[in-house]
Amino acid sequence: MTIDNISPKLAFSIALTWLSAAVLLVIFRFGIFFETNDDVGMMMLAHGYGLTSVPTSLLLYSSRLQGEFIHITSWFVGNSGYSVYLFICLVLSGALIIVDLTRLSGNFLGNLAVVSALWIRPIFAPQFTIIASMLIVAALLTLMCAARFKSAGEFVLAGILLVLGFSMRPDAAAFIVIIALPVLVASSSIRSWSSGAAIALSLIAVAAVWWYNWLSYESPEWHAYNAMNLLRFWFTDFRLDLALDKNPSALASAGWSANDLAMISHWWFFDPDVYSPDKVRSVVQQLGATRTFSPDLSSLGSWLSQFVLRDVITATAIAALTIVLVGRYLGAPICMSIILFLVVTIVFTLLGRLNVTRVTYSGLVCICMLLLTRRPLGRWAGGALIITSLVLGALTVRYYVSRADASSILNEQALEDVSRLPQGELVLEWAGNLPYEQLYPAFPIKGRPYPVLNLFSLGDDQLAPHSYVGRNIDGSKILARLRSSAGLGIIANDELLSMLGVYCRQHWNGSLRQIANMPIGAARYSRVSCL
């Protein structure tokens, strides 16, 4: 047996052991910090601390099915259940991709080197969008292997991976499927009856997961959240405020000032007197979808620049090299996949989502894997791919080690900062100004347990039921505290506090007083009162 005809079981064992060892090394040597606070928020919701007092399987961004899986994982590992589940998915998807690529086109060592280099980012800085995308890539490659080698078990495995990826991040799953669709459609083996049946059953399972998740958010207590969540993203995600600022009549129709526009764009919308769904909807409708999404050609520069950002350039370089090595064997389907990837990311940027590199990175990884299925690489091409992946991987490790070291220092400082907060008191955290990623790493650093905070987040979940259950608070009580002499603790930056001062004057005819003030990371904790 040579390394190129290595048995699938041995290849899987080697890949799984290698990736698992890499994860454990990073955990115990450097510490793992989430890339975004979305994962921290879902970890809090799943385990019932920080943002809520009761664990829930309704995680907002991921499906309820994933929340149930995380709860099962928590039976064995406690409050590390969210992180352990994510890393099980990451390691498993990586090992399966290596095996599938080796079965489809050989070059085990090359596949191991490429996946190792591309998995460095999600190991050091995990993010659920990227991990969901990796699950979908693994599902599609497993489907290709199942179709080629007539394996019923692999059809089942592909369906399970597809459901897991969709459960983790539905839009990321759809993005990867769209990119890979030309290659899948062009594959003669995929067009077989058995493949069609497997795909149909998988889609039925995905639809069932979607229905189960949708039904979970249709109870009466979720109505306020649902009504506003369908509207607020125009401001918080797609910067509708830039267009509205030039359309004063739209502001006047809702009784808004320019400051009110800035407030909703910075995640303040739980005051029903100002930000009722009807008022927000009227503003969105007056502007119109065409004017909302008018292309901003200046953002194309931002789109191009993200491909050479430090956390994306490894994937860009490997994808570019693989295109060169595959050469004339590219074929129309893979070219169409590349075009779809470029078009989708351009449109995403033009809509106002600038430098969301996790989307671009996931797409590049998918393109790399599709390219590696095209044909076996020769000795020299395979060697070039291995050497390039090792060099880029070493440089990427160096970059993320320095980031992890910096995050560890920030973790220590942030823990010291929050230790001075009033214990047990409700604190408003506004627009992600609490350094969640540093305070709550994926796994607690030895000797630095997670801080016990009672937070009300002015973010996506400010109208969600879990923000209130078991805490004897609601939006009206929070606003009442803000307008009382005792005041309310808020973690925010100077810009947000200035906006709140204007809001206080315009809507409550008062003046904002700061009773206490202390730094928290790059922001600060202030006890403020509008009187």
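The exercises below, each with a worked solution, concern a predicted model.

**Exercise 1.** Determine how many residues of α20 are buried, and what follows for the helix.

Solution. A residue is buried when its relative accessible area is under 20%. In α20, 16 of the 16 residues are buried. The helix is therefore largely enclosed by the rest of the structure.

**Exercise 2.** Locate Ser-57, decide whether Ser-57 is buried or exposed, and list the polar contacts of its side chain with the side chains of Arg-64 and Glu-68.

Solution. Start with the position: Ser-57 sits in the loop between α2 (37-47) and α3 (64-77). Next, take the accessibility. The relative accessible area of Ser-57 is 7%, and the limit for buried is under 20%, so Ser-57 is buried. Then turn to the side chain. Its polar contact with the side chain of Arg-64 has a length of 3.3 Å, and a polar contact of 3.3 Å also joins it to the side chain of Glu-68. Finally, leave aside the neighbours within four places in sequence: Ser-57 is then in contact with Ser-63, Arg-64, Gly-67, Glu-68 and His-71.

**Exercise 3.** Classify the aromatic pair of Trp-222 and Tyr-225 and the pair of Trp-268 and Trp-430.

Solution. The aromatic pairs in the model number 24. For Trp-222 and Tyr-225, the ring centres are 5.2 Å apart and the planes make an angle of 85°. Planes over 60 degrees apart count as edge-to-face, so this pair is edge-to-face. Trp-222 and Tyr-225 are both buried.

For Trp-268 and Trp-430, the centre distance is 5.1 Å and the angle between the planes is 50°, a tilted pair. This pair links distant parts of the chain, 162 residues apart: Trp-268 is in the loop between α14 (258-265) and α15 (277-287), while Trp-430 belongs to strand β1 (residues 426-430). Relative accessibility is 0% for Trp-268 and 0% for Trp-430, so Trp-268 counts as buried, and so does Trp-430.

Note on methods:
Residues are numbered from 1 along each chain as its sequence is written. This is a predicted model: local features need pLDDT of at least 70, side-chain atom pairs count only at pLDDT 80 or more; totals for chains, interfaces and linings use all residues. Side-chain values use heavy atoms; hydrogens and water are left out. Buried means under 20% relative accessible area, exposed over 50%, partly exposed in between (1.4 Å probe, protein chains only). Helices (H or I, at least four residues) and strands (E, at least two) are DSSP runs, numbered from the N terminus. A polar contact is a pair of N or O atoms within 3.5 Å; within protein, one must be able to donate a hydrogen and the other to accept it, and residues adjacent in sequence count only if both atoms are side-chain atoms. Contact means heavy atoms within 4.5 Å. Rings of Phe, Tyr and Trp (its six-membered ring) pair if their centres lie within 6.5 Å; planes under 30 degrees apart count as stacked, over 60 as edge-to-face and the rest as tilted.
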